[in-house]
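Visitor: Hello! Could you walk me through this model, one question at a time?

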Amino acid sequence: MSEMLPVIMAFVAALISIVATWLAVQERDMLIATLFSALQSTCYALIYYLLMAPDIVLVYLPVSVGILPLITIILIKKTERYEE
Amino acid sequence: MSSATTFLLTTIMISFIINIAISLYGVFAKPSLVKKFIALTIFSDSVNSFAILIGFRRTPLGYPSIAVMPSPPQSVEDLKRFVSEAVDPVPQALVLTAVVIGLAVNMFLVGLIMLYYKYYGSTSTRRVKI
């Protein structure tokens, strides 16, 4: 059972990432879509950690949860917030 | 590993495929360029996750360990044991490079979207008048 627990956690994170991806694609407000994209990236970081790749997590977490949503929010501020 | 672990790992792989499908739908069907950009980042992350999942090997001893040797190997048996119980580090190195290069490409795309908005007055691809 102890070796099943990381795989079960990765399974739950994969299911949450599917929902977050669908909501990020379907959302009209770009700011909320960016937040859903960050949620999906967090789930992927958890999956990477549980699949025994902690060096990827150290790079992926600042890039994909920190820098990319920041740049996307700046892009939304300079352009349009709502999709037509 | 048991068959339940096989089922869960297969489900994780199928969830990556579903994520790739949803994000490709977002890239092709949504008119807004910012939405295309968000979907493209999700697509690249899902493809990177495939490489990580390939590198996750099954070991007969149970759950595999991180591909790091805490001390230098003293004999050939140490190396054999390490190779038999650690995950494959090569896909991790490839994904590490792909994440950083993807960041640079995404920055370039952000600059292009800003130029697009400056010239055409909108980020939607359906309202452009040339």
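Visitor: Among the contacts in chain B with a separation of 6 or more, what share comes from residues 24 or more positions apart?

Guide: Welcome! This is a predicted model, where local features need pLDDT of at least 70, side-chain atom pairs count only at pLDDT 80 or more, and totals for chains, interfaces and linings use all residues. Residues are numbered from 1 along each chain as its sequence is written, while chains are lettered from A and ligands numbered from 1 in the order in which they are written. Two residues are in contact if their C-beta atoms, placed from the backbone, lie within 7 Å. For residues 24 or more positions apart in chain B, the share of those contacts is 57%.

Visitor: In what order do the elements of chain B run from the N terminus?

Guide: Helices (H or I, at least four residues) and strands (E, at least two) are DSSP runs, numbered from the N terminus. Chain B has zero strands and four helices. From the N terminus on, the order is α-α-α-α.

Visitor: How do α2(B) and α4(B) lie relative to each other, roughly parallel or roughly antiparallel?

Guide: Axes are lines fitted to C-alpha atoms, for helices over the stretch in contact, and angles run from 0 to 180 degrees between N-to-C directions. Helix α2 (residues 33-55) of chain B and helix α4 (residues 89-120) of chain B have axes 10 Å apart and an angle of about 175°. Angles over 145 degrees count as roughly antiparallel, under 35 as roughly parallel, 65 to 115 as roughly perpendicular and the rest as oblique. So α2(B) and α4(B) are roughly antiparallel.

Visitor: How many charged residues does the contact of α1(B) with α2(B) have?

Guide: Helix α1 (residues 3-29) of chain B packs with α2(B) at about 155°, their axes 8 Å apart. The residues that meet include B:Phe16 in α1(B) and B:Lys35 in α2(B). Asp, Glu, Lys and Arg count as charged, Ala, Val, Leu, Ile, Met, Phe, Trp, Tyr, Cys and Pro as nonpolar, and the others, Gly among them, as polar. By class, this contact has 13 nonpolar residues, five polar and, as charged ones, two.

Visitor: Which element gives the most to the side of chain A that touches chain B?

Guide: The contact takes 48 residues from chain B and 45 residues from chain A. On the side of chain A, the elements giving two or more residues are α1 (5-26), α2 (30-50) and α3 (54-78) of chain A. With 14 residues, the element that gives the most is α3(A).
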